[in-house]
Amino acid sequence: MKIQIINGPNINLLGKREPSIYGSVTFEDYLVDLRKRYVDVEIGYFQSNIEGEMIDCIQRVGFDVDGIILNAGAYTHTSIALQDAIRSVTSPVIEVHISNVHNRESFRHVSMIACACKGVICGFGLNSYRLALEALLDR
């Protein structure tokens, strides 16, 4: 099974950025542990602060992988283009967030991409990614 994780803006700063919200572990360190836990799953990883590069990645892998785990960061709340990209591919996409976006500022309560995704997982810290992976394995 092949799963692609795509992270958006500021996820490259995990471990440094607002540790009270996002924790003190870098995503790269978490990814090592995730890959060790799921040795039979090929887990690809891509991160960009640029919306168009995220769309390019979705289009590049979205017909070949068994699923995409997408943390679009702040683009979640603004990007019709990401929604269109998700709708354009055949791989199921699960939207994830590290924090509980519904327990934060009101502008974070609206997702422009959720309607195109298979599901949404938020608020479980980095374990949101593991839960999304489990959901894709169970489908």
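Guide: What follows starts with the sheet and then turns to a loop and the helices. The model is predicted. Its open sheet consists of five strands with parallel pairing, and their order is β2-β1-β3-β4-β5. At the edges stand β2, residues 42–47, and β5, residues 119–122, each of which pairs on one side only. On average, and with direction ignored, neighbouring strands in this sheet are turned by 20 degrees against each other.

Strand β1 covers residues 2–7 and runs parallel to β2, to which six bridges join it. One of the residues involved is I6, whose bridge partner in β2 is F46. Across β1, β2 and β3 (67–71) lies helix α3, residues 51–61, and its direction makes an angle of about 170 degrees with β1.

The loop between β1 and α1 (19–22) contains N10. This residue is not a glycine, yet N10 has a positive phi of about 75 degrees. Most residues other than glycine have a negative phi. N10 counts as partly exposed because its relative accessibility is 33%, between the limits of 20% for buried and 50% for exposed.

Elsewhere, two helices pack against each other: α2 (residues 27–37) and α5 (residues 127–138), at an angle of about 35 degrees and with axes 11 Å apart. The crossing of α2 past α5 is right-handed. From α2, the residues F27, Y30, L34 and R37 meet N127, Y129, R130 and L133 of α5. By class, the residues of this contact comprise five nonpolar, one polar and two charged.

Terms used: Residues numbered from 1 in each chain as written. Predicted model: local features only at pLDDT ≥ 70, side-chain atom pairs only at ≥ 80, totals over all residues. Heavy atoms only, no water. Pairing = 2+ DSSP bridges. Helix = DSSP H or I, 4+ residues; strand = E, 2+ residues; numbered from the N terminus. Axes fitted to C-alpha atoms, helices over the stretch in contact; angles between N-to-C directions. Contact = heavy atoms within 4.5 Å. Buried < 20%, exposed > 50% of the residue type's maximum accessible area, 1.4 Å probe, protein only. Left-handed = near helix turned anticlockwise from the far one by under 90°. Nonpolar A, V, L, I, M, F, W, Y, C, P; charged D, E, K, R; others polar.
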